[in-house]
Amino acid sequence: MTAPLWNAIPVLIIAVLATRSDVKTRKIPNALTFPALLAGLATHLALGGGSGLLAAVLGMAVAGGLLLPGWLLKWMGAGDVKLMAAIGAWLAFPQALVAVLASLVAGGVIALVVAVRHGRLAQALHGAAGIGMWSLSGARGAAAGLPVTTGVRFPFAVAVLAGSTLALWLRP
């Protein structure tokens with residue numbers, strides 16, 4: 001593992017607790033995400049001063065910010081965004097970028113598995129292609145022309161756990 005233990009242990013605990021809650025209740029509580037985010041920022045400030053805090057704020061903004069469009073388009077819940085922002089604060093930039101990208105890849109793999117299990121693979125692939133075409137088209141209204149998704153959902157915290165764990169092992 002390339003991340004120090006003071007960093008890795010809280011990330012894993014936060015991600016495991018969020019995953020447990022998301023799987024059981026389909027919610028990630030604010031009582032977990034907000035204190036985790038504040039603790040990540042405070043820890044980086046205490047250990048790294050202003051530059052540590054800046055890296056943590058950038059990590060929070062990048063990790064949460066990359067998931068924000070998914071929440072705005074109702075593809076994921078706000079708890080997923082807040083969880084990723086908290087993990088981003090703990091990992092700091094640029095490690096947070098690795099975590100969010102790995103989480104998105106893991107989420108894509110999980111979505112494919114869920115689509116296959118529900119017999120909606122063709123519909124999911126068609127929807128993904130449509131979303132790709134929509135994003136390249138420049139249409140930016142209130143989801144103007146956005147293709148309909150399959151509606152099959154899964155607890156995204158599982159993907160965040162996988163992506164965050166991978167990010168702890170990789171050095172950007």
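This is a predicted model: local features need pLDDT of at least 70, side-chain atom pairs count only at pLDDT 80 or more; totals for chains, interfaces and linings use all residues.
**View 1. Nonpolar surface patch with residues from helix 2 and helix 4.**
Two or more residues of the patch come from helix 2 (30-72), and two or more from helix 4 (95-117). The relative accessible area of Leu 54 is 51%; the cut-off for exposed is over 50%, so Leu 54 counts as exposed.

**View 2. Crossing of helix 2 and helix 3.**
Two packed helices are described by the angle between their axes and the distance between the axes. For helix 2 and helix 3 (residues 78-91), the axes come within 4 Å, and the crossing angle is roughly 155 degrees. Angles over 145 degrees count as roughly antiparallel, and helix 2 is therefore roughly antiparallel to helix 3. The crossing of helix 2 past helix 3 is right-handed.

**View 3. Ile 87 in helix 3.**
Ile 87 lies in helix 3, the helix whose axis comes within 4 Å of that of helix 2. With a relative accessible area of 0%, Ile 87 is buried, because buried means under 20%. Val 100 is also included in this view: 13 residues separate Ile 87 and Val 100 along the chain, and their C-alpha atoms are 9.0 Å apart.

Terms used:
Residues are numbered from 1 along each chain as its sequence is written. Side-chain values use heavy atoms; hydrogens and water are left out. Buried means under 20% relative accessible area, exposed over 50%, partly exposed in between (1.4 Å probe, protein chains only). Axes are lines fitted to C-alpha atoms, for helices over the stretch in contact, and angles run from 0 to 180 degrees between N-to-C directions. Angles under 35 degrees count as roughly parallel, over 145 as roughly antiparallel, 65 to 115 as roughly perpendicular and the rest as oblique. A crossing is left-handed if the near helix is turned anticlockwise from the far one by less than a right angle, and right-handed if clockwise.
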